[in-house]
Amino acid sequence: MTDLAPLLDRVSAAARCLIQGDARGYADLLPHAGDYTLMSPYGGAVDHGATLTDEAAAGIAEWFQGGEVETEIVAAHHSGDLAVVVLIEHQHGRIGGLNQDWSLRVTLAFRRVEGRWLLLHRHADALTHRIDHATLAALARGVTPGSGSDTEDPA
């Protein structure tokens with residue numbers, strides 16, 4: 001991991017920017033590759049592209065209103081011009097209007113271009129606590145567990 005120490009420091013600093021609603025600071029610390037992909041913790045389709053619009057930056061600033069984050073690097077690997085970082089972002093703050101835990105399991109993939117690491121992919125999910133099979137099955141069906149609509153579809 002020592003070869004990646006400067007990158008890991010930037011990953012941690014970027015997480016601190018994001019919880020404060022500073023999307024521009026995040027993007028400055030972890031510039032995105034043009035073919036960047038995002039698998040958001042909200043699920044759904046994969047987002048493509050690296051452009052941070054003013055509208056998106058404002059939305060992030062409205063959603064993340066401050067807090068703390070500690071990054072736990074689980075693993076970091078690189079070979080040639082590719083690197084993968086697996087971490088847990090232990091976060092707590094004012095998010096979406098609520099004071100809450102917002103810890104995420106995160107996988108980041110980077111490509112080195114002209115000596116500079118560019119973020120190629122981010123995958124994040126909120127499954128930092130174990131869940132049972134029934135809960136996972138309900139989530140896989142796209143329903144909220146315990147909502148009364150999490151029974152199996154008979155069709």
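Biologist: Let's start inside. What is the general idea behind a nonpolar core, and which residues have the most contacts in the largest one here?

Modeller: In soluble globular proteins, nonpolar side chains tend to be buried together. In this predicted model, the largest nonpolar core has 27 residues. Leu 4, Tyr 26, Leu 30, Val 85, Leu 108 and Phe 110 have the most contacts inside it.

Biologist: Which elements each supply at least two residues of this core?

Modeller: That would be α1 (5-19), β3, β4, β6 and β7. Helix α1 gives the largest share, with eight residues.

Biologist: You mentioned β3 and β4. How many bridges join them, and which way do they run?

Modeller: There are 13 bridges between β3 and β4, and the two strands run antiparallel.

Biologist: On to charges. How do I read a salt bridge, and how many are there?

Modeller: Side chains of opposite charge can pair when their charged atoms come close. The cut-off is a side-chain nitrogen of Lys or Arg within 4 Å of a carboxyl oxygen of Asp or Glu. The count here comes to five salt bridges. Take Asp 54 and Arg 24, whose closest N and O atoms are 2.6 Å apart. Asp 54 is in helix α3 (residues 54-63) and Arg 24 in helix α2 (residues 23-29), so the pair links distant parts of the chain, 30 residues apart.

Biologist: Are those two buried or exposed?

Modeller: Asp 54 counts as exposed because its relative accessible area is 63%. Arg 24 has 35%, so Arg 24 is partly exposed.

Biologist: Which residue does Asp 81 meet in a salt bridge?

Modeller: Asp 81 pairs with Arg 112, at 3.1 Å from N to O. Asp 81 sits in the loop between β3 (64-79) and β4 (82-95), while Arg 112 belongs to strand β6 (residues 104-113), so this contact ties together parts 31 residues apart in sequence. Both ends are partly exposed, with Asp 81 at 44% and Arg 112 at 28%.

Biologist: What does the salt bridge between Asp 125 and Arg 105 tie together?

Modeller: The N to O distance for Asp 125 and Arg 105 is 2.9 Å. Asp 125 is in strand β7 and Arg 105 in strand β6, so the pair ties together parts that are 20 residues apart in sequence. Now compare the two ends: Asp 125 is buried at 14%, whereas Arg 105 is partly exposed at 39%.

Biologist: Next, rings. How many aromatic pairs are there, and how are they described?

Modeller: A pair of aromatic rings is described by the distance of the centres and the angle of the planes. The count comes to three aromatic pairs. For Tyr 42 and Trp 102, the centres are 6.2 Å apart and the planes are at 50°, so this pair is tilted. Tyr 42 lies in the loop between β1 (32-39) and β2 (47-48), and Trp 102 in the loop between β5 (98-101) and β6, so parts 60 residues apart in sequence are tied together. Tyr 42 is exposed at 57%, but Trp 102 is buried at 16%.

Biologist: Why is the pair of Phe 64 and Trp 102 called edge-to-face?

Modeller: Planes over 60 degrees apart count as edge-to-face. The planes of Phe 64 and Trp 102 are at 80°, with centres 6.1 Å apart, so the pair gets that label. Phe 64 is in strand β3, so the pair ties together parts that are 38 residues apart in sequence. Phe 64 is buried, with a relative accessible area of 11%.

Biologist: Which residues form the aromatic cluster?

Modeller: Tyr 42, Trp 63, Phe 64 and Trp 102 form one cluster.

Biologist: Last, the outside. Which residues form a nonpolar patch on the surface?

Modeller: Look at Leu 127, Ile 131, Leu 136 and Leu 139, which together have about 310 Å² of accessible area. Leu 127 is in the loop between β7 (116-125) and α4 (133-140). With a relative accessible area of 33%, Leu 127 is partly exposed.

Note on methods. Residues numbered from 1 in each chain as written. Predicted model: local features only at pLDDT ≥ 70, side-chain atom pairs only at ≥ 80, totals over all residues. Heavy atoms only, no water. Patch = residues over 30% accessible without salt bridge, like charges linked within 9 Å, V, L, I, M, F, W, Y side chains within 5 Å. Areas by Shrake-Rupley, 256 points an atom, 1.4 Å probe, with all protein chains shown as cover. Helix = DSSP H or I, 4+ residues; strand = E, 2+ residues; numbered from the N terminus. Buried < 20%, exposed > 50% of the residue type's maximum accessible area, 1.4 Å probe, protein only. Phe/Tyr/Trp six-rings, centres within 6.5 Å; stacked < 30°, edge-to-face > 60°. Pairing = 2+ DSSP bridges. Core = buried A, V, L, I, M, F, W, Y, C linked by side-chain atoms within 4.5 Å.
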